[in-house]
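Thank you for having me; I would like to walk through the pockets and the aromatic rings of one model today. Please look at the structure first.

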Amino acid sequence: MPGVLLVLDPAAAYSSGANDPDHISELMVKESQTKLPEQVLRPDESSARTTGDRFAVELRSFGPLGILAILFILLTGNISIGKVVLPLGAILALTWRHLSRTPWHEIGYIRPRSWIGAIVFAAGFGEETVYRGYMFERLGKLFGTSALAQTAIVLLTSLWFGVGHYANQGFAGAEQAAIVGLVFGSTYACTGRIFMVMCAHTAFDLTALAMIYWNLESRVAHLLFR
């Protein structure tokens with residue numbers, strides 16, 4: 001291999017009892033084949049990989065960088081640009097997943113058994129990705145996977161889900177969001193699949209919009225409460 005310096009560890013050769021030149025040559029070849037490609041030929045690539053691994057570990061941890069990422073994602077949420085709602089929080093959560101090298105299935109992105117049943121999920125994509133997929137993964141790493149831990153996670157995420165709706169919808173909207181969060185959170189905790197709750201969220205939002213558009217809120221409410 002021209003231009004490559006072969007380095008033999010003398011101590012290893014001596015301790016192996018190799019005294020003849022042929023055996024020493026064989027050790028030199030093995031040394032060059034096992035160590036040089038990573039340590040000599042591609043030092044920049046190896047260093048970049050190590051740096052990326054360290055950054056991914058920091059994002060997954062609950063140190064300063066990990067906590068900063070959690071707060072940034074939760075406090076961002078959806079951004080309204082005119083009449084267009086941009087799910088920036090979900091985009092950031094998926095970016096965190098990529099940079100932290102977290103498997104898709106850990107945030108609930110598991111291929112559904114039937115794509116037909118999960119085809120409509122755009123309206124619930126943002127909030128379900130953040131409040132169910134991302135937050136369940138983060139809190140799960142803190143609390144564990146026991147039944148008690150899952151119950152606490154459902155309660156905490158539902159509470160935060162309600163608080164997130166208070167600014168725009170007031171106390172009644174926050175209360176409704178918390179209840180819906182309990183239902184969606186419980187469903188996700190039992191199934192571990194996020195597309196189902198995305199579809200349920202979408203159906204809920206579309207139904208609510210239809211009731212508002214056709215002025216049916218009071219009629220539907222009186223069906224349940226006299």
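Which element gives the largest share of the lining of the second largest pocket? That share, five residues, comes from α6, where helices (H or I, at least four residues) and strands (E, at least two) are DSSP runs numbered from the N terminus. Before I go further, this is a predicted model, in which local features need pLDDT of at least 70 and side-chain atom pairs count only at pLDDT 80 or more, while totals for chains, interfaces and linings use all residues. Residues are numbered from 1 along each chain as its sequence is written, and side-chain values use heavy atoms, with hydrogens and water left out.

A pocket, on a 1 Å grid over the protein atoms alone, is an open set of points where a 1.4 Å probe fits, with protein on both sides within 12 Å along at least five of seven lines, and its lining residues have an atom within 4 Å of a point. The second largest pocket holds about 240 Å³ of space, a volume being the space filled by probe spheres set on the points, which are joined across faces, edges and corners. It is lined by 13 residues, and the closest to its centre are Glu 106, Phe 136, Glu 137, Gln 150 and Tyr 188.

The largest pocket holds about 1,400 Å³. Its lining has 43 residues, with Glu 127, His 165, Gln 169, His 201 and Asp 205 the closest to its centre. Here α9 gives the most, with nine residues.

Let me turn to the rings. Rings of Phe, Tyr and Trp (its six-membered ring) pair if their centres lie within 6.5 Å, and planes under 30 degrees apart count as stacked, over 60 as edge-to-face and the rest as tilted; by this rule there are six aromatic pairs. One of them joins Tyr 131 and Phe 161, whose centres are 5.0 Å apart with planes at 70 degrees, so the pair is edge-to-face. Because Tyr 131 lies in helix α6 and Phe 161 in helix α7, this pair ties together parts that are 30 residues apart in sequence.

Tyr 213 and Trp 214, by contrast, are exposed.

Technical notes: Buried means under 20% relative accessible area, exposed over 50%, partly exposed in between (1.4 Å probe, protein chains only).
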